[in-house]
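Let's take a friendly walk through a protein model together. Please keep the sequence and the picture open beside you as you read.

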Amino acid sequence: MNDQMKSEKYKLLFVCLGNICRSPTAEGIMIDLVKKAGLEHQIQIDSAGTYGGHAGELPDSRMRQHASRRGYNLISRSRQVKPMDFEEFDLILAMDDKNYQNLRDLAPDIESMNKVHRMVEFCQNSTLDYVPDPYYGGAEGFELVLDLLEDACEGLLNDVKQKL
Ligand code: 4NP
């Protein structure tokens, strides 16, 4: 693919704390939805964490197991958010308020700051105001992450379609 085609893509970055549970799941769900919609040449998807302590790791094995039961194969490798992300991506989706605030604090200018949104803004059914961190909890937490992110990703795709 040449640079011109690349730059025409709408670029989404999902962000949580460790980039091993919530944001790689959002990435996996969104990749699946975008493929089903035949929009993979127009939308680029990535994920990252505000904390870099899990860099290079696959998503958490519990998260992968719950996701695979719904047909999502999570294979991304964790990485930390970097300054270039604010330039490269069009929309940066934070999983919770802490991620949101950390991202806004990291943003180098107002334009970058305005790219940061809460993922739950795009939910169509759920009224929860953040995607809870499932890392220290049980199975229900991982299922809730999947429920919320399936809902939000559908809403997000509807929104992004208007911008293509
Ligand atoms: P995530 O979950 O932010 O959804 O990837 C977590 C992963 C790791 C840690 C916390 C949350 N941790 O403390 O290492």
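Serine 78 counts as buried because its relative accessibility is 6%; buried means under 20% relative accessible area, judged with a 1.4 Å probe and protein chains only. You can find serine 78 in the loop between helix 3 and helix 4 (85–88). Helices here are DSSP runs of H or I with at least four residues, strands are runs of E with at least two, and both are numbered from the N terminus. Before we go on, note that this is a predicted model, where local features need pLDDT of at least 70 and side-chain atom pairs count only at pLDDT 80 or more, while totals for chains, interfaces and linings use all residues. Residues are numbered from 1 along each chain as its sequence is written, and side-chain values use heavy atoms, with hydrogens and water left out.

What is serine 78 in contact with? Leaving aside neighbours within four places in sequence, its partners are Gly18, Asn19, Ile20, His54, Ala55, Gly56 and Glu57, where contact means heavy atoms within 4.5 Å. A polar atom of the serine 78 side chain also lies 3.0 Å from the backbone oxygen of glycine 18.

Asparagine 19 counts as buried because its relative accessibility is 1%. Its phi is near 55°, a positive value in a residue other than glycine. Most residues other than glycine have a negative phi.

Now look at the ligand. The residues around it, each with a heavy atom within 4 Å, are Cys16, Leu17, Gly18, Asn19, Ile20, Cys21, Arg22, His54, Asp133, Tyr135 and Tyr136. A polar side-chain atom of arginine 22 is 2.8 Å from a ligand oxygen. For aspartate 133, a side-chain N or O atom lies 3.3 Å from an oxygen of the ligand, and tyrosine 136 likewise has a side-chain N or O atom 3.3 Å from a ligand oxygen. The ligand taken alone exposes 350 Å², and the protein buries 91% of that; such areas come from the Shrake-Rupley method with a 1.4 Å probe.

Arginine 22 also belongs to helix 2, which covers residues 22–36. How many residues of helix 2 are buried? The count is 11 of its 15, among them Arg22, Ser23 and Pro24. The buried residues of helix 2 pack against strand 1 (10–16), strand 2 (43–49), helix 3 (61–69), helix 5 (97–106) and helix 7 (139–161). Just after helix 2, glycine 38 takes a positive phi of about 70°.

Terms used. A polar contact is a pair of N or O atoms within 3.5 Å; within protein, one must be able to donate a hydrogen and the other to accept it, and residues adjacent in sequence count only if both atoms are side-chain atoms. The expected span of a helix is 1.5 Å times one less than its number of residues. Buried means under 20% relative accessible area, exposed over 50%, partly exposed in between (1.4 Å probe, protein chains only).
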